[in-house]
Amino acid sequence: MGAPRVLKGVASPLRTQTPVNLAVRKSKVLILRAKRLAQWARTPNAFPQAPHASTADRVLLHEIVVEARGEQSHPRLESGKLRNLRVAAAHFDGRLLTPDCGFSFWRLLGRPTLKKGFLPGTEIRDGCVVPTVGGGLCMLSGALFRLAAEMDWVIQERHGHTIAPSDLGRIDATVFWPFVDLRFAPRAGAAVLRVRVAGGHLRVAVYGEPQDVRP
């Protein structure tokens with residue numbers, strides 16, 4: 001646990017993306033990817049895979065609702081983004097979080113691939129919107145970060161976009177498999193996440209004990 005960490009040395013402004021810079025960036029990505037996978041293997045307890053639990057006998061503590069549909073994306077990419085959000089939501093829905101077993105975006109989801117049902121969607125990279133398999137997941141990571149922040153949970157790891165567009169606002173959390181992760185945990189007690197995409201909206205909520213309801 002501790003203060004959020006800031007990723008350095010991976011992304012650079014679009015105007016500097018020469019072949020040499022792109023090669024350097026790719027090398028850094030491979031190194032950081034290897035380091036994170038090694039961390040998972042060496043210290044699995046620091047990156048737990050939260051179990052599932054029921055919300056029965058628990059009450060709604062807090063909920064975030066986000067408009068999932070965009071207006072400026074290509075229709076095919078927009079459809080892919082919604083598909084990606086639904087696939088990822090199924091991995092996170094019903095997860096039981098405690099101070100010792102918190103949330104890790106990539107440990108729970110794994111690498112987004114076509115074989116796992118992910119499709120090309122929109123991704124923000126170096127300040128530009130580009131099509132990427134699994135694109136759109138940053139909308140989910142942003143909503144989850146906002147939920148954790150408003151619950152005053154411990155933010156163990158969080159990264160912002162390199163160039164955040166104005167509509168992202170202040171609540172910004174990007175993810176990039178596997179080393180740009182989002183991790184958080186409750187300060188006390190146990191809580192169950194509910195994550196769903198329905199009616200064009202992304203809903204992330206947390207359920208807990210009645211005494212944990214905020215005044």
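Read along the sequence, the protein chain follows the pattern α-β-α-β-β-α-β-β-α-β-β-β-β. It holds four helices and nine strands; helices (H or I, at least four residues) and strands (E, at least two) are DSSP runs, numbered from the N terminus. This is a predicted model, in which local features need pLDDT of at least 70 and side-chain atom pairs count only at pLDDT 80 or more, while totals for chains, interfaces and linings use all residues. Residues are numbered from 1 along each chain as its sequence is written, and side-chain values use heavy atoms, with hydrogens and water left out.

**The four-stranded sheet**

An open sheet of four strands is ordered S1-S9-S8-S2, with antiparallel pairing; two strands count as paired if DSSP finds at least two bridges between them. S1 and strand S2 (96–97) stand at the edges, each with a single partner strand, so one side of each lacks a neighbour in the sheet. Helix H4 packs on this sheet and touches S1, S8 and S9, its direction making about 145° with that of S1. Such axes are lines fitted to C-alpha atoms, for helices over the stretch in contact, and the angles run from 0 to 180 degrees between N-to-C directions.

| Strand pair | Bridges | Residues standing opposite |
|---|---|---|
| S1 and S9 | eight bridges | Val-65 and Arg-203 |
| S8 and S9 | seven bridges | Ala-198 and His-201 |
| S2 and S8 | two bridges | Leu-97 and Ala-191 |

S8 and S9 form a hairpin with two residues between them, and Gly-199 in the turn has a positive phi of about 60°. S8 is mostly covered, with six of its eight residues buried. Buried means under 20% relative accessible area, exposed over 50%, and partly exposed in between (1.4 Å probe, protein chains only).

**The three-stranded sheet**

A further open sheet has three strands in the order S3-S7-S6, again with antiparallel pairing. Its edges are strand S3 (103–104) and strand S6 (154–157); each has a single partner strand, so one side of each is left without a neighbour in the sheet. S6 is joined to strand S7 (residues 183–185) by three bridges, and the two run antiparallel. Ile-155 stands opposite Phe-184 in S7.

**The nonpolar core**

The largest nonpolar core contains 42 residues, of which Phe-92, Phe-103, Phe-105, Leu-140 and Leu-144 touch the most other members. A nonpolar core is a set of buried Ala, Val, Leu, Ile, Met, Phe, Trp, Tyr and Cys residues joined through side-chain atoms within 4.5 Å. At least two residues of this core come from each of strand S1 (59–67), helix H2 (75–92), helix H3 (105–109), helix H4 (137–150), strand S8 (191–198) and strand S9 (201–208). H4 supplies the largest share, seven residues.

Leaving aside its neighbours within four places in sequence, Phe-103 is in contact (heavy atoms within 4.5 Å) with Phe-92, Leu-97, Leu-108, Leu-144, Gln-156, Leu-182, Arg-183, Phe-184 and Leu-193.

**The chain as a whole**

Buried residues make up 44% of the 215 residues in the protein chain. Among contacts between residues at least 6 apart in sequence, 75% join residues at least 24 apart. The accessible surface comes to about 11,500 Å², of which 55% belongs to carbon and sulfur atoms; accessible areas come from the Shrake-Rupley method with a 1.4 Å probe, and for residues only the protein chains shown count as cover.
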